[in-house]
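Here are my notes on the model you sent over, jotted down as numbered points. Have the viewer open while you read.

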Amino acid sequence: MPSYRELLQQTKAEIEEVDGRGAQELEGATWVDVRRQDEWDEGYIPGAIHIPRGSLESRIETRVPDHSKPVVLYCASGERSAFAAKTLAELGYDRPVSLAGGFTDWKRNGNEVALPRTLSPEKRARYSRHTLIPEIGEEGQLRLLDSKILLLGAGGLGSPAALYLAAAGVGHIGIVDADIVDESNLQRQIVHSLNTLGSPKVDSAKRTIEALNPDVQVTTYRERLTSENIDEILDDGWEIVVDGTDNFPTRYLLNDACVWRGIPVVYGSIYRFEGQVSVFKVGDGPCYRCLFPAPPPPELAPSCSEGGVLGVLPGVVGTLQTNEALKLALGIGEPLIGRLLIYDALAGEFDEMRIKRNPDCPVCGEHPTITEYVDYVEFCAR
Amino acid sequence: MSVVRVPPVLREEAGGARQVEATGATVRELLEDLSGRMPSLGEKVYDGSEIRPYVNVYVDGEDVRTSGGLDAPVREGATVVLLPAMAGGTLLDR
């Protein structure tokens, strides 16, 4: 049975060790810090990702999926990273290398060191069920806290979105809605309550969000989205829009603006027992106009007065939208880009339709014919 | 014979049916057959020469606009989905 020293020596003989300069010359390398959380908190090599040695095997393939590129592993002195390099070789990574002398030598040689932003103890406790997930971690939670997500509408779809985005710790939430809270809203618009009947929906939603999570900054726009104000609102730097609008003019206006600005839109719509969800992200997939080039004429639009909706349906659809928004904010998973998810609440069935970019799309196509905002007449009586 | 799934917003035109049957080897034949059987449903989807721009027709999950349009083949037993644009959000009482 070898001693620790012998095992270390034997391992070092089997792996590749490089010094700081050699490591910096490795093109396309991912740097992985395998030290403990408390060591990382005191400083790390800029650009490195943190996977403590104890979780290396289980997390490395999620964080570093490409096995062909070099991986520079480092710890404090180059011992733990030597064992880590051997593990990565066993997992099929082509070129794992261990940084000789580790972080200590790196720092001693006058190289740059970064100090991590970390969650305060209160936030660590609040978001622990997020940070425990390898795909999110503390880094992902910090990303959410930095995110800016705009909700178009604080109604049926906007309600669950406002609540779950706030609970998730999305740092900045914007809400656009001109309406006031009405009794008939409470059947499904769970961000509002009897206490806020008669108040503007944006204020009511803000109140609920602030009671739920003080980490969230809420910006309210008590107005209806129009071609006049859309630029001013989007100029506030919203990175993702959750579309919970109830009418075609706004939906097309939003689509066109977001195509031109490259902002992803998480689309949702509901009718009676059926809902649809998709993500429109220009560059990666189609836009709403690729799906429906123009709104239906007034006489053929589904009559709003014949509408109605099962109260829980916007809950399901708005929550699916929120899931997509969080995935986009975190940069994880497979967003519903190019896919339209259809939920039939009565049948209890999900269907998925492939939707493709339309090269002749009037807005995002090769020869766009729409280059400024179109104000469609509102034909859906409110 | 293919199964045509009718979305909730068009069910009244189909007498409340969630799905109807139609025959045709291409999308055009199928829509013409559908228009013959259920004129008011057919009219919402197909104007006699084109699919209406606010309705999408999917055959086995593929949008026919990008897979041959009205000439796109429809296999026996295919599932056809009609998908009109939906206004969204809170339709009724805003």
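At roughly what angle do the axes of helix H10 (residues 158-168) and helix H11 (residues 201-212) of chain A cross?

1. They cross at roughly 30 degrees, and the two axes come within 9 Å. Angles under 35 degrees count as roughly parallel, so H10(A) and H11(A) go down as roughly parallel to each other. As for handedness, H10(A) passes H11(A) in a right-handed crossing. On the H10(A) side the contact is made by Ala162(A), Leu163(A), Ala166(A) and Ala167(A), and on the H11(A) side by Ala205(A), Ile209(A) and Leu212(A). Bear in mind throughout that this is a predicted model.

2. Next, the core. The largest nonpolar core holds 92 residues, and Ile149(A), Ala162(A) and Ile173(A) have the most contacts inside it. Helix H15 (residues 312-330) of chain A supplies the largest share of this core, with eight residues. A separate core of 24 residues lies apart from it, including Ile51(A), Ile60(A), Val72(A) and Trp106(A). For background, nonpolar side chains tend to be buried together in soluble globular proteins.

3. Leaving out residues up to four places away in sequence, Ile173(A) touches Ile149(A), Leu151(A), Ala162(A), Leu165(A), Ala166(A), Ile209(A), Val216(A) and Val218(A). Several of these names come back from point 1: Ala162(A) and Ala166(A) are in the H10(A) part of the helix contact, and Ile209(A) is in the H11(A) part.

4. Now chain A overall. It has 15 helices and 13 strands, and its C-alpha trace spans about 80 × 50 × 40 Å along the principal axes. Of the 382 residues in chain A, 42% are buried. If you take contacts in chain A between residues at least 6 apart in sequence, 68% of them join residues at least 24 apart.

5. A bit of strand pairing in chain A. Strand E2 (residues 30-33) pairs with strand E4 (residues 71-74) in the parallel sense, over four bridges. E2(A) also pairs in the parallel sense with strand E3 (residues 49-50) of chain A, over two bridges.

6. Is Thr62(A) buried or exposed? Thr62(A) has 11 other C-beta atoms within 10 Å, and the cut-off for exposed is 12 or fewer, so Thr62(A) is exposed. Thr62(A) belongs to helix H4 (residues 56-63) of chain A. Beyond its neighbours within four places in sequence, Thr62(A) is in contact with Pro134(A) and Glu135(A).

7. Over to chain B. Five strands there form an open sheet in the order E2-E1-E5-E3-E4, with mixed pairing. The edges are strand E2 (19-22) and strand E4 (62-63) of chain B, each pairing on one side only. Strand E1 (residues 2-5) and strand E5 (residues 79-84) of chain B run parallel and are joined by three bridges; Val3(B) has Thr79(B) in E5(B) as its bridge partner.

8. One helix to look at against that sheet: helix H1 (residues 27-37) of chain B lies across E1, E2, strand E3 (55-59) and E5 of chain B. H1(B) runs at about 115 degrees to E2(B).

Definitions and conventions. Residues are numbered from 1 along each chain as its sequence is written. Chains are lettered from A and ligands numbered from 1 in the order in which they are written. This is a predicted model: local features need pLDDT of at least 70, side-chain atom pairs count only at pLDDT 80 or more; totals for chains, interfaces and linings use all residues. A residue is buried if 20 or more other C-beta atoms lie within 10 Å of its own, exposed if 12 or fewer, and partly exposed in between; C-beta atoms are placed from the backbone. Two residues are in contact if their C-beta atoms, placed from the backbone, lie within 7 Å. Two strands pair if DSSP finds at least two bridges between them. Axes are lines fitted to C-alpha atoms, for helices over the stretch in contact, and angles run from 0 to 180 degrees between N-to-C directions. A nonpolar core is a set of buried Ala, Val, Leu, Ile, Met, Phe, Trp, Tyr and Cys residues joined through C-beta atoms within 7 Å. Angles under 35 degrees count as roughly parallel, over 145 as roughly antiparallel, 65 to 115 as roughly perpendicular and the rest as oblique. A crossing is left-handed if the near helix is turned anticlockwise from the far one by less than a right angle, and right-handed if clockwise.
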